[in-house]
Structures are given as C-alpha cells and as structure tokens.
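Please work through the exercises below with the sequence and the 3D structure in view, trying each task before reading its solution.

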Amino acid sequence: MDKSFNAFKMAQDQFDAVADKLNLNEASRELLRTPMREYHFTIPVKMDDGTSKVFRGFRIQHNDALGPCKGGIRFHPQETVDTVRALSMWMTWKTAVVDIPLGGSKGGVICDPHNLSAREQEQICRGWIRQLHRNVGPLRDIPAPDVMTNGQHMLWMLDEYETITGEKYPGMITGKPVGMGGSLGRTEATGYGVIFTVREALKEMNLNIENTTASFQGFGNVSQYAIKLYNQLGGKALCVSCWDQQDQTSYAFYKKEGINLDELLNITDRFGGINKTKAKELGYEVLPGEKWIEIDCDILVPSAMENQITGENVNKISSNVKLVAEGANGPTTPEADEVLKKRGIFMIPDFLCNAGGVTCSYFEQVQCNMNYFWSKDEVLGKLDYKMTTAYHKVSKLAREKKLYMRDAAYMISVDRVVRASVSRGWI
Amino acid sequence: MKSGQKFERETGFFHDGFTYIGSGFPGGKASGLALSQDILKKHFPEGDIAGMRVNIPHTTVLLSGVFDQFMMENELYEISLSDASDEEIAISFINSSFGGLYTGDLYSLISNIDQPLAVRSSSICEDSLNEPFAGFYETKMVANNQVSSTDKFNALVNAIKYVYASLFFKQSKKYFQTISIDICEEKMAVIIQEVVGDQHGDYFYPYISGVLKSYNFYPSEQIEQDAGFAALAFGLGKTIVDGSTCWSYCPRYPRTPQPFNNMKDLLNNTQKEYWAVNLGKINNYNPVAETEYLAHNSIFDIGDRSLLKHICSTYDHINDRLIMGVQNYGAPVLDFAPTLRAETLPLNTVINQIIKACEDETNSKVEIEFAVSLGTTKDPQPRFGFLQLRPINISNEIIDLPEITDSSDEVLLSSKNVMGNGISNDICDIVYIRPENFDTQYTNQIAADIAEFNAIFTSNKRKYLLIGFGRWGTSDPWCGIPVQWPQISNAKIIVETVLPSMRADFSQGAHFFHNMTAHNVFYFSVDREDAKNLDWNWIQQQKTINETKFVKHVRLKQNLKVLVDGRHSNGVIMKNEDNKQ
C-alpha cells in the first residue's frame, strides 16, 4: 500500500466536494467532516509464551444522528487511526444511502492474527470490550466483523459484554455464527449485494449480463459470493486476484474461458489465498496481482482493500471496461475517479455497492432484538429489495442532476444525515 | 416464453399478460395459458363476450431454470430420490433457499399484491399428450392477506417449494417408474396466478368454477359426443378436479334436464359444500398441506342466500318441486338453472364461443378450466377467467363390434358407455374388487390393496383388467374407490360398475380422465342393467394368483379380446373359449 496515502484525507475531500454541491453551512461541515467520538486505548495480553504484549485499539464513532453507530472491527498490522476514521465516515454514508436507521463507526486493533493463537486473539477481543463496554452496545454502537475478524471473534466479544453487564444482549454485535444469534444470508450478503447493484446497472446500460465478463480483485468472502451470483446470472468472471500469505504479495489468476469458482475454492486457504501450483495445473495463468486491473473485460470489481485504483494504474484499465463496482471500501482514489469519470466508465460507489453487508447486519440486529429469526430467503429477498431500491434512488438522482454516481450517492447520504442532525437540533 | 415478458419490479405482477422470472422452459400448463391468451386476443380482441369480461388472470411464471437452480444450490436430489416420506421431502424443500437470484423478484412481486394467489405446477412433462402428468403435482392457494410483506413472502416461497417438492412425492415417483422415464429429466416451472373470485366475509372464491370438454366420453342417447360436456361448481375448482359432486351439463343443450331418477336423487346429488380461500384465522398452520389456506364450507352456511341467485333453485318440499332462483323458504339446490336456462349470466354463450375458438386454433378437441367472478359494486361486470387449455387425445381408428347378445356366453361384459377406441388382445390378468366383501366404508383400504397389486404389475411389466364399484379416482370414499392414477397405472382396461345399493353416477374427474385418455386406457362404465350381465361366476372360477380380503387377482389361460368403438362409445370384452374351466 502507498505509505503516503491517507484514507481519512480522501474521505474528507470527498465530503467537502459534496458539501459544496449541497451548499452545506459551516456547522454541518464541521460536524460531519470529523468523527463525533474517538476512543484510543491499549489492550494488554498475556501471550502463550508467558510474555506480555500491549496492543493498540481504536473505536471511532463518526455520527449517530440516524441511529446507533454501526461498523466493523479490523485486526491488521498496518492499521492506522486515520484509516479507521475514514472507514467510520464511510459507514455513516453507507447506512444512510441504503436508508437503514443506523450511524457510522469503525474499530480496529493493530495486530496480525496470522501470528496469534486463538487464545491470544480471544484475549484481544475480550480486552477490547473491557475497554469499551460503556460505549458500545445495541443502543449505542454495534460492532461487526471486518478485515481478519470473524464470527468467533464476535462471539468472544459478545460473551465478554454480557459477562460485564450481566444481561443477554444478542443485538449488541453482529456477524455472529448462525445458531448463536447470527443471521442466515449474512455470509453471502456483501458479495450478493455487489452483484444486485451490478445487475441493475447493467439493465440501465442496456447490457445483457450474460454477455459480460468481469475481473475481481480479492478472493475473500465478498468476491467469492459476488462471483457466485455473477456466474449464476450468466456473467463470466475471467480473473481474480488474491493475497499470498507465504509470498507476502498478491497474484492474479486468469482463465480466458472463465474461472471456475468451485475448483478455485477447493485450492484456497482460509485467508482467501489460492494455491498457485494447483491453479496452474487447472489451466490458470498466474499473473502478478496488479494485473487484475488490466484484464480486457466489461466489469471491474475491486473487492480487496482501499486505494487500489489510483492515478498510477487507472490508465491501464482496458478500453472495454464499462463498469466499476466497488466491492471494497475506498478502492478508488479521487484522482483515479476523475479519469474514470472522463472515460465515461460507470461507477457504483463503495458505500452503495458493498452496503449489502451492513444491511444484513442491520437485519441480524433486528432479528436479535426480536429474538425471532428469519429464513434465508426472507433475508436475501429483503436484501435484494433494499439494495435495488437504494441503487435506483441514487441512479435516478445521478440521471436527473447529471451527476457522477459517487456524487449522487454522497448527496443522498449526506443530505439524510444533515437532515437528521438538524431535526435533532444539533446544527 | 411465448406471449410473455420478463418480470420487472417497476411494473410488478399486475402486468398486461404474462411475465416470467428466470430462464428455461415455461412447462405445459403455462404454455397452454400462453396459447389461450393468444387465442383470446385473436378472437376476442375487446376482451368481452356477451357482456362478460374474458381474460387470463394475472400470471407470473417461474421458469424451469429457477427449479434447476434451486435443486442444485440446495443439493436436494439426494433426499428427493430417497425413500423419505412426502412430508420429509416437503420440509427439506421448505427449509432450503432460493439463494440470491430470485428472492428479490419474489419479494418485490408479493409486496404489491394483497389478493389470494394460486401457485400451480407447470412441468415440462405435465399436460403433454404423450405422457400425461395432469393433477400429479400439487397446487397451493395462498391467502396473501397478511399485513406484513414478510409473512406474505414466506407463504409464497413456501408454496412454491411445496409445489416443487410434489414432483418427488411417492405417487409421482411411482408414475415415473411406470412410464420408464428418469424423474431427474422432469423440470418444473411454477405459475403464480391471481385467484379469480370475490371476497365474501372471511372467504374468497370464484362464483362458478368449471371444466369444459369439447368431447363427451359419456354422452346420453340424445346427445352427440362432440356436443361436449361441462362441469360447474360453486367456489374453487377443487370440487370438480377432486371428482366431488358438481353440476354437469352439455353446453350445446344447456336446458336439457339431467338424468336424475327423481327429486330425491337430484337433491342427494347436487353440490352442498364448496372450497374457498380462507382469509380468516388459519387454524392449522401447515406449509406441507395443500389445503393450508383453504376452507371447505357448507352452502347452507352462506348467510346471504341472494348470492346464489344465478346458480340455484329452491326446493319446495310441500309440492316436491324445484323453483328456479332463490326463494324465501326452502333449501337451495345448486342446479345452475338461472344461468343455464334463464341466462341471467351469459356463461353458456361465452363457453360455446370459447370452445369454438380453441378448437379452431388447436385443431383438436379441448379441455378448458375456468373461473367466473361476479365483480364488485365498483366494477360489477362479471368476469370469465381462463385458467387452462389442454387438447384431448381421441383415437381415430374405426372399430366394428361383432353382433352380440347380452346372453351370449362368450361375452364377459358389454357396455354402451365406453371411453377409448381400439382393440386389445394382450390382457390375461384380472384384478377385481370382491363383490361379496365390498362395502363403501372400506374403499380406502381397497385403494391401498389395489396399489399393492399394481406395484407388482409394474415391476413385472404386465397390464391388467381392473373391475370395481363406484367411481374410480373419486376423492369421496363413499362414492367409489379413491385411487390416484399411479395406483392403477398398469391397468389397461378399467371397468366401473355398480352394486344394487349404489347409484350409477360416473366420474368426469378432470385429471383422472385426462390421464386415462392419454394412456389409451379403455374405460367401461357398466350401468345397473349391464351389470346384471357381468359374468361374476366366470371370473371367480379363474385361477387365483393373489388376494386380500377385498381384492383378488386371477389369471386366465388365454388373453381376453377387447373391442371398443369410440365413435359410438360401445365396447365389449370377450372371454376366450380356452379360458373355460
């Protein structure tokens, strides 16, 4: 990752541009360009080898005008507070654009789970809650899994929270395993949500999805389910890139006839890394990771990390690409955005495109609060309905006002949050 | 799909004509509906016949690709092909998911509808002439009046999954075995269709449901076979399809009195119960039951009798006569006289015009299912909803019967009421219900016994002659033998006869007869007079192969000779001389 890249600055720049378009007053700008609350703390952990180690944790609550904050917890060795700030802001826009009654937050711990035992990770989770239990909860801020955290981490956190409070609050956290307060359909939600928006965009562009091809960056949960649904709809995924833990670099796996999701999943490790040797045996070309963006296809789906389509590589995008669907948060820099805009490449912005995850998390919280759980069809049916409705709301505004899709989405989100803040008498 | 357009969420369910979801095939029933729509548009472009609105109900078809996707995604073939019970299979289907492809469309579809829906199978094999599957798969009505979209959505998807599951129910599996087709080759599309009808309190139902056949397999002496036949019922068409009591008449001669012996006979054999969609409280939530959202009511419980003004006469018990229409006294009798005789509704005019149009377009005799609603105060125009169109298979081979007399020794039985056409020389097995032990209270057990015998014939690839009492295929165990088609699928010749204690009223159950026609089964209806000549003694002298308390299987030394003259509905089953003991 580019060390000079500052995600928070990028998020603020994006916001400032929208604030200008909406002609927001100074108070609104002040309120929304910085988080409302930040928690920075340390988490001391007794390691398996008997030593003690202190980890740094964060929770940034950007805005809760629309409802309790909502956002994931990331375990990452290169985590920075500015990244978490940016992500918390994006969460505010994301919950607002899909019109769910939640605010935005994000948390993280600087650590590398690859080098930690399960017990050590559990201690980090419990320590994180011990530091924050007064500031999170079903009515304040609802965490969820994010980069390198999963349902098990959420359960440890829930257990610690319930131990401290002495009450059962299954809606305190989302992303829990099914049967332990988790929602059916949560695993698929983000990836499916990406493709729900792609499907609608292609319809508007008069493109038959069955005649399209796509390249995906990342082979985690989002890409896997996005590719699955994209294939089911008749699209052909040509390439997928992933991080190789052993080589500490990424590779792109390309097959002209289309990748076979099931065969790739059979040779993928638990972190989403595809076995190169076996992939070659199966007829895949193994390319450097950054090549995913150069594939001659119709659709690019960056679903890995932020800052992936930049001023440096944006011109490597094939002239045949017609659509970028941002499965990850903040994968396109403003500089690259300008190029895409000029080239007329249709953009489904991150906080709309990948909002399926938070929408399903919202469903999970609703189910937990009711203590009544829905069928998978019900979850996915509502998810599709919600995502499609949100997409068309943004797309309609973009068409009517001749806006770039990202700008239209921002305008809807920021407007909703500003209105809620005004209604509450904050500004 | 012919005549259809892709389902769009913006336009939704209430679209002019068909919409479809997914890819693949529409199946036989949906194709029949599409053809019906084309016929209506061509022949009745105004959508109106004699003041009655005529159309296809709003319909969305889930094409067969949705079924394929559902089966694959949920890996359902393993349990589907196992020996699991029907209920276990249905529950497995209901617990499975449509995944991300179609749930959004279904949620969107149901969110904007608040009227009852019928979820009907439309399989690739169903309704085809070569291999009939009519009535094998389940249809489920959903009330769709819940306040929450979520509840409506769940009821709809559960109904779809139930219809899917019915492909793998026991009777269906047996049938596939019988016809030697791999059940995995079958593909199921599903029709989601508006129920034609009106709301009356807690119930929703059509005013009249009907099945028309433009060819009558049981014409009376004065009426030609091609004059057709219609069965009418008050409420949902389930009454007719199940073979329950309804009103039958000839559309060419709607005023011709029906052959009842006396007033008591008529009173005993007119419809007294009807099916409706239950919009009230559901007492038995059961997603694996076809009747979950249905109610079976008595017509005598209808509060406002004036509702029946187009379909009933009133029994004047003092004078032992019927007075057309609803009167302030006396019991209502559903003889449809106001509509058929006084033409208070132009139903018969509509029926005749539609039959002609369909015959012209399909170049064959046809069977049509329909439902009529009276309309509302706001929109009082009655409506004829066209629900299904099927061609009828009629053999054209000319068969001349030998001159025989009733007392002729070589005749096992003869009848002037026979369905089918042709000659059979390959039957030497007879399965019959033992007259000495027959009692209508045991008909369910008899049906089960016959199914066991049929299974043996199926595995041995042998055909047989089946003789029994009362209606075959009735849903009312007091009227005859309540078998499903697969339970007698290897019967090549079926004889429906009577005992002195029974009334001879032969079945026109739509699906049951469609199956028999398409399989070229010879169906002998033996009335009380002919039954006297049925040579029971001779049958009972034959070699017994297998028997239960109620059913016996005997085998002859030589094959029977069976001749059926379809032109005149005459038939005869001849003993072979060598069969004499």
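**Exercise 1: the domains of chain A**

Chain A is divided into domain 1 (34-92 + 102-180) and domain 2 (183-427), with bounds that come from an automatic or database domain assignment. This is a predicted model, in which local features need pLDDT of at least 70 and side-chain atom pairs count only at pLDDT 80 or more, while totals for chains, interfaces and linings use all residues. Residues are numbered from 1 along each chain as its sequence is written, and chains are lettered from A and ligands numbered from 1 in the order in which they are written.

Task: describe how domain 1 of chain A touches domain 2 of chain A.

Solution. Step one is the contact count: 18 residues of domain 1 of chain A are in contact with 20 residues of domain 2 of chain A, where contact requires C-beta atoms, placed from the backbone, to lie within 7 Å. Step two asks which elements supply the touching side of domain 1, and here α3 (81-97) and β5 (141-145) of chain A each give at least two residues; helices (H or I, at least four residues) and strands (E, at least two) are DSSP runs, numbered from the N terminus. The most comes from α3(A), with 4 residues.

**Exercise 2: the partners of β4(B)**

Task: in which sense, parallel or antiparallel, does β4(B) pair with β3(B), and in which with β20(B)?

Solution. First, β3 (residues 48-49) and β4 (residues 52-55) of chain B run antiparallel, joined by 2 bridges, and D48(B) stands opposite R53(B). In their hairpin, which has 2 residues between the strands, A50(B) takes a positive phi near 50 degrees. Second, β4(B) pairs with β20 (residues 383-391) of chain B in the parallel sense over 3 bridges, and N55(B) has G385(B) as its bridge partner in β20(B).

Conventions: Contact = placed C-beta atoms within 7 Å. Pairing = 2+ DSSP bridges.
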